[in-house]
Amino acid sequence: MIDPKLLRTEPDHVARHLARRGFILNVDMVRSLEARRKAAQKDAEARQAARNARAKAIGRAKAQGEDVTALMAGQEEEARGLAAAEAELGAVQAAWDEFVSTLPNIPAPDVPDGLSAADNVEVRRFGTPPQCPFPARDHVALGENLGGLDLAAAAKITGSRFVVLRAGLARLQRALIQFMLDLHTKEHGYTEVYVPYLVNGESLYGTGQLPKFAEEQFGIAGFPYFLIPTAEVPVTNLARDTIFARSELPLRYVCHSPCFRSEAGAAGRDTRGLIRQHQFEKVELVQIVAPEESVRVHEELTHHAEVVLQRLELPYRVMALCAGDMGFAAAKTYDLEVYLPGSGCYREISSCSNFGDFQARRLNARARLAGPKPELVHTLNGSGLAVGRTLVAVLENYQDADGRVRIPEALVGYMGGETVLSPQARQSTPP
RNA sequence: GGAGAGAUGGCCGAGCUGGUCGAAGGCGCUCCCCUGCUAAGGGAGUAUGGGGUCAAAAGCUCCAUCGAGGGUUCGAAUCCCUCUCUCUCCGCCA
């Protein structure tokens, strides 16, 4: 949430910054709601003060055994007036909250201008796309050839945008998860957490998925719960309604979880293969830090995600998202894009964002730092990495002319020493 | 699923026969004193959010908040109702 004080006092300033994202702030709405709020609050509080003073006077009088009938006289009208004033205040506040909760975050000053992905800026690049002496197959062809990727089975069990993995591919996915968790816990100083995969509405509000993106969430019929779209939601919500001591920060969490997305707005996009699924595995990095740390930590966290790609020797580039291409809650975002020979292009495999105090304000997540008052913390997260897409990248980058797939050096230990996946008929795991 | 107990400030914990209770006491924290150092000791302060006043800060002042929401009442942490969560016992179960 945008700082309501800033919004009230400098609506034009906020409007200018939001315009960079292509978001038109209704400044008149801000002004009129604020005027109405101020009047309603003054009125309601004056009436409450009068009621409190009267009640105290009655209490004092009674304690001294005095007659209080005079003080008690003519209360109904004032009670009605107070009730009406409180109702008006409540209505204005509800309208304000509803309005403010749908405003996206203000982009950081160094976020590139632009309104679409075409305006994103390449920051750096690692590795070079492999020169294939044979026509590169995509991951679906490779996976099916290996006998371990079965989209038809998933479609039968559930529907489209799901997958069944078998044998070597199932193990390769598990190896990737294990490798990422070990890297981040042992070398990057993150604490592994296990969290619920169903969350309540408050948690989705806290990280910014609600109220604006309700149609993208999977709900649970009969329960007020939602399947998590990313581990960011439960993990960041660990900080909700909490006041941290300075010594407790930074909090660095790594969490593997499945992610569930309705992909409501993506009908017809990426319909082939594992790129866009309703369910996928992800290893997520989350940090809760003091405000002055977040810009530095954002670079650091992005680097932590990059190391995964470097160790897997997958070519990638780092893109600074332009203001118009960033997510709702982000102040600044770097996307990591991995090269996929099957489609001959770079594809997003990680998104690393600094949210500033935007999520913290919604979460009421604070820390005692320099001053006497608790301050809002800053939150960050990034995929480290999206496992499904990493699996795609490994298959496509490590294929040979015969359709076999080498195991990246970093994963051999996690594959029980196996160095290659070879085509085989669909079957159970070999003995 | 059945029966019972509970939810209070950063933490623990009184208050719960309704009236200066935003709330005793302790711990922690901050500042000061004492102390050769350390330990111990003494004093003061210390909830959060919002409004008004002010050029601004400080200060002053008002409002809200004792799990959440509703009700009773001139007045609710205290009484009533609903819900949520935690704990104990029983049952069931991976």
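Which side chain does the side chain of Gln287 join through a polar contact of 3.5 Å? The partner is Arg252, whose side chain forms that polar contact with the side chain of Gln287. The description below concerns a predicted model, and this residue is taken up again in the section on its surroundings.

## Overall architecture

Chain A contains 13 helices and 18 strands. The C-alpha trace of chain A extends over about 100 × 45 × 45 Å along its principal axes.

Of the 431 residues in chain A, 49% count as buried. When contacts in chain A with a separation of 6 or more are considered, 74% of them come from residues 24 or more positions apart.

## The surface near RNA strand B

RNA strand B is surrounded by 21 residues, and the closest of these are Arg8, Lys38, Gln48, Arg51 and Ala55. By residue class, the surface near RNA strand B consists of eleven charged, six nonpolar and four polar residues.

Asn52 has a polar side-chain atom 3.1 Å from a phosphate oxygen of RNA strand B. For Gln41, an N or O atom of the side chain is 2.9 Å from a sugar or linking oxygen of RNA strand B. For Arg366, the corresponding distance from a side-chain N or O atom to a sugar or linking oxygen of RNA strand B is 2.8 Å. Two or more residues of this surface are given by each of helix H1 (4–9), helix H3 (27–63) and strand E14 (365–368). H3 provides the largest share of the surface near RNA strand B, with 13 residues.

How many of the eleven residues of H13 are buried? Eleven of the eleven are buried, so H13 is largely enclosed by the rest of the structure. The buried residues of H13 include the charged residues Arg389 and Glu396, together with Val387, Leu391, Val394 and Asn397.

Two packed helices are described by the angle between their axes and the distance between the axes. Helix H6 (residues 139–146) packs with helix H13 (residues 387–397) at an angle of about 80°, and their axes are 9 Å apart. H6 is therefore roughly perpendicular to H13, because angles of 65 to 115 degrees fall in that class. H6 contributes His139, Leu142 and Leu146 to the contact, and H13 contributes Val392, Leu395 and Glu396. In the contact of H6 with H13, four residues are nonpolar, one is polar and one is charged.

Gln287 is part of strand E10 (residues 279–289). With a relative accessibility of 0%, Gln287 counts as buried, since the cut-off for that class is under 20% relative accessible area.

Apart from its neighbours within four places in sequence, Gln287 is in contact with Pro250, Leu251 and Arg252, with Val297, Glu300 and Leu301, with His378, Thr379 and Leu380, and with Tyr190.

## Cis peptide bonds

Pro250, one of the residues in contact with Gln287, is joined to Leu249 by a cis peptide bond with omega of about 0°. Pro250 is placed in the loop between strand E8 (242–245) and strand E9 (251–260).

A cis peptide bond also runs from Gly384 to Leu385, where omega is near 10°. Leu385 belongs to strand E16 (residues 378–386).

Arg161 is not a glycine, yet its phi is positive, at about 65°. Arg161 occurs in the loop between helix H7 (151–157) and strand E3 (164–165). The relative accessibility of Arg161 is 14%, so this residue counts as buried.

Asn364, likewise a residue other than glycine, has a positive phi near 55°. Asn364 is situated in the loop between helix H12 (358–363) and E14. Is Asn364 buried or partly exposed? Its relative accessible area is 30%, and Asn364 is therefore partly exposed.

Methods:
Residues numbered from 1 in each chain as written. Chains lettered and ligands numbered in written order. Predicted model: local features only at pLDDT ≥ 70, side-chain atom pairs only at ≥ 80, totals over all residues. Heavy atoms only, no water. Near = heavy atom within 4 Å. Polar contact = N/O pair within 3.5 Å; in protein donor to acceptor, adjacent residues only side chain to side chain. Helix = DSSP H or I, 4+ residues; strand = E, 2+ residues; numbered from the N terminus. Axes fitted to C-alpha atoms, helices over the stretch in contact; angles between N-to-C directions. Parallel < 35°, antiparallel > 145°, perpendicular 65-115°, else oblique. Contact = heavy atoms within 4.5 Å. Buried < 20%, exposed > 50% of the residue type's maximum accessible area, 1.4 Å probe, protein only.
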